[in-house]
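Hi everyone, thanks for making time for this.

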Amino acid sequence: MIYIIPSFFILTIDIIDDYEYITNIMARMNQYISGNNVSVDISACLYSEIINWNIESLYAPFGRVYVPSTSGGDIIFNGKKYHLKPMHPIIIPPYTDFSSRQSNNFSKFYCHFQLKSHISFTPGVYEFRLPEHIIDVFNELKKYPDQADSSFILGTTMLECISIGINFILPHRQHYHKISKRNEAIIKLMKANIRNPLTNQEIGSRFKLAENSLVRDFKNDIGVPPQKYYMQIRLEYACKLLIEKEMSLEEISEECGFWDRNHFTRFFKKQWLCPPAEFRRRNRTIV
């Protein structure tokens, strides 16, 4: 049995004196929130029987939470093997390159999420504890999978897991950097123009900036030149389309502003260490 919920669940985190506190979990019809809070976009929230989980690399721009309901799976990161144990959840931050193995068929609850913030975490595999009331809900969901409200219950329960997991890994954050309002606006402009990417000159003209001033200011604030950041945005969006949409590679190439499928594949493989079709196979429903 597989449950899929839409991406309208968000979790808010208040930023106070550079420390983050999970303050609220809610369901809303808009994917993201603005201001000083942080939002989490859930792109998959599932319960599944796993029958083929021998994957060499699951490097991706989104984080994952696994809540195994039976044993039989392993995660390997930096040469260390982590055994998945029933009701012992694991959170894996974005940009963690890990592999998976299985000794026998098993089942697990899991979700993919994107943290919309300027917080980044050290790649790794982190096991954390769940309170008993959440474990009880997962056990009930496994026992009665056909309840009418199962997908909603799974979504809200998984949000609680994400909030607990993020709180657990906060000491492992690499940095929190609040960028300037102008560069926030530049990034927003980039995200609104993925299909037809803008040049530095075009971006600069929107903000009355010379091209060299745009590049210098953006790199000093963000850490990379604007076009490199722009490419990352486009390739992250490509990952989302590959997993969530039934679009061909040609359609995704066009949607993400690449000349053709070959141009898209070359940049995608360089960023995510595998071709787009293989990325789709690795990251759909079974992971």
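Let's begin at one helix, H5. What covers the buried residues of H5? The cover includes H3, helix H4 (200-206) and H6. Helices here are DSSP runs of H or I with at least four residues, strands are runs of E with at least two, and both are numbered from the N terminus. Buried means under 20% relative accessible area, exposed means over 50%, and partly exposed is in between, with a 1.4 Å probe and protein chains only. When I say that one residue touches, covers or contacts another, I mean heavy atoms within 4.5 Å.

Before going on, a word on where this comes from. This is a predicted model, in which local features need pLDDT of at least 70 and side-chain atom pairs count only at pLDDT 80 or more, while totals for chains, interfaces and linings use all residues. Residues are numbered from 1 along each chain as its sequence is written, and side-chain values use heavy atoms, with hydrogens and water left out.

Back to H5. Its buried residues are Leu214, Phe218 and Asp221. Looking down the axis of H5, these buried residues fall within an arc of 70 degrees, so they line one face of the helix; the arc is that of the directions from the helix axis to the C-beta atoms. On the other side of H5, Asn212 and Asn220 are exposed. H5 has 12 residues and runs 16 Å from its first C-alpha to its last, close to the 16 Å expected at 1.5 Å a residue. That expected span is 1.5 Å times one less than the number of residues. Just after H5, Gly223 has a positive phi of about 105 degrees.

Now let's zoom out. The protein chain has 9 helices and 12 strands. Of its 287 residues, 48% are buried. Among contacts with a separation of 6 or more, 73% are between residues 24 or more positions apart.

What sits inside? In soluble globular proteins, nonpolar side chains tend to be buried together. By a nonpolar core I mean a set of buried Ala, Val, Leu, Ile, Met, Phe, Trp, Tyr and Cys residues joined through side-chain atoms within 4.5 Å. The largest one here has 33 residues, and Ile203, Ile252, Phe264, Phe268 and Phe279 have the most contacts inside it. Helices H3 (181-192), H5 (211-222), H6 (226-244), H7 (249-255) and H8 (261-272) each give two or more residues to this core. H6 gives the most, with 9 residues. A second, separate core of 29 residues includes Ile119, Phe138, Cys161 and Ile166.

Phe138 takes us to helix H1, where Ile134, Ile135, Phe138 and Leu141 are buried. Seen down the axis of H1, the buried residues fall within an arc of 120 degrees, so they line one face of the helix. The face turned away from that buried side carries the exposed residues Glu132 and Lys143. Covering the buried residues of H1 are, among others, strand S4 (63-68), strand S9 (106-116) and helix H2 (150-169). Asn139 also lies in H1, and at 34% relative accessibility Asn139 counts as partly exposed.

Next, a few polar contacts: pairs of N or O atoms within 3.5 Å, where, within protein, one must be able to donate a hydrogen and the other to accept it, and residues adjacent in sequence count only if both atoms are side-chain atoms. Which residue's backbone oxygen lies 2.9 Å from a polar side-chain atom of Asn283? It is that of Phe279. Asn283 is in helix H9 (residues 276-283), and at 2% relative accessibility Asn283 counts as buried. Leaving aside neighbours within four places in sequence, Asn283 contacts Leu58, Ala60, Phe62, Arg64, His112 and Ile243.

My last stop is Gln102, in strand S8 (residues 99-102). Gln102 is buried, with a relative accessible area of 15%. A polar atom of the Gln102 side chain lies 3.0 Å from the backbone nitrogen of Asn52, and the Gln102 side chain also reaches the backbone oxygen of Asn104 at 3.1 Å. Not counting residues up to four places away in sequence, Gln102 touches Ile50, Ile51, Asn52, Trp53, Asn54, Gly72 and Gly73.
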